[in-house]
Amino acid sequence: MTTTAFEELMTRVMATAERFGHREHLHLTWLAVNTFGVPAAVDLISDGIQRTARYAGAPQKYHATVSRAWVELVGHHAAETRDEDFGAFAEHHPALSDKRLLMRFYRAATLAGPQARTGWVPPDLAPFPWPDAPDGSPDERRDPRHRDRLHGSFDTDADDPAPR
């Protein structure tokens, strides 16, 4: 995958968007996952966002753990439903529209730390709900105590930007 692949996906996303917000991040990630698979999408999205942040003069905005975690979450849900278009995918998985979703899995202090900003840190609050999670945790989908982490309600401030 090259810079061109990231740029092509960005062009597709921005063709129907006025700005690059959270929904556009999700759309870009969904396209990458469906085009290249999760492992390659992690690299493509992470490299592309990091490069974009550097180009914009804001390299500190790139966050390695947040970028990978979102790709993992989108990839998990994309595999569940196999929606043909992003609108249907977003409608089937409304929890993903919550920019603070990662706070169900990570402590704020963990994500704020330098190790999480520059490399992968597995969830420390609750494991991701799939087998073979990046942190090696068991399949939590069978445990109803964790289902509400993805499908339950969660208060959020829509204007609160999430780091990438």
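1. Arg-107 is partly exposed, with a relative accessible area of 44%; the classes are buried (under 20% relative accessible area), exposed (over 50%) and partly exposed in between, with a 1.4 Å probe and protein chains only. The side chain of Arg-107 meets that of Asp-124 in a salt bridge at 3.8 Å, N to O, a salt bridge being a side-chain nitrogen of Lys or Arg within 4 Å of a carboxyl oxygen of Asp or Glu. Asp-124 is likewise assigned as partly exposed, at 28% relative accessibility. This pair links distant parts of the chain, 17 residues apart: Arg-107 lies in the loop between H5 and helix H6 (108-112), and Asp-124 in the loop between helix H7 (114-118) and helix H8 (148-151).

2. On conventions, this is a predicted model, in which local features need pLDDT of at least 70 and side-chain atom pairs count only at pLDDT 80 or more, while totals for chains, interfaces and linings use all residues. Residues are numbered from 1 along each chain as its sequence is written, and side-chain values use heavy atoms, with hydrogens and water left out.

3. The mean pLDDT (the predictor's confidence in each residue, from 0 to 100) is 83, and 77% of the residues reach 70 or more. Over residues 133-164 the pLDDT is below 50, yet this stretch has 71 contacts in the model beyond near neighbours in sequence, a contact being heavy atoms within 4.5 Å. Where pLDDT is low, the predicted coordinates should not be read in detail.

4. The structure holds three salt bridges. One of them joins the side chains of Arg-104 and Asp-98 at 3.3 Å, N to O, and both residues are buried. Another joins Arg-68 and Glu-72, also given as 3.3 Å, N to O. Arg-68 and Glu-72 are about one helical turn apart, because they are four residues apart in helix H4. Arg-68 is partly exposed at 23% relative accessibility, whereas Glu-72 is buried at 14%.

5. Helix H4 (residues 64-81) has 18 residues and should span 26 Å at 1.5 Å a residue, which agrees with the 26 Å between its end C-alpha atoms; the expected span is 1.5 Å times one less than the number of residues. Helices are DSSP runs (H or I, at least four residues), numbered from the N terminus. In H4, 14 of the 18 residues are buried. Arg-82 follows H4 with a positive phi, near 50 degrees.

How values were computed
Helix = DSSP H or I, 4+ residues; strand = E, 2+ residues; numbered from the N terminus.
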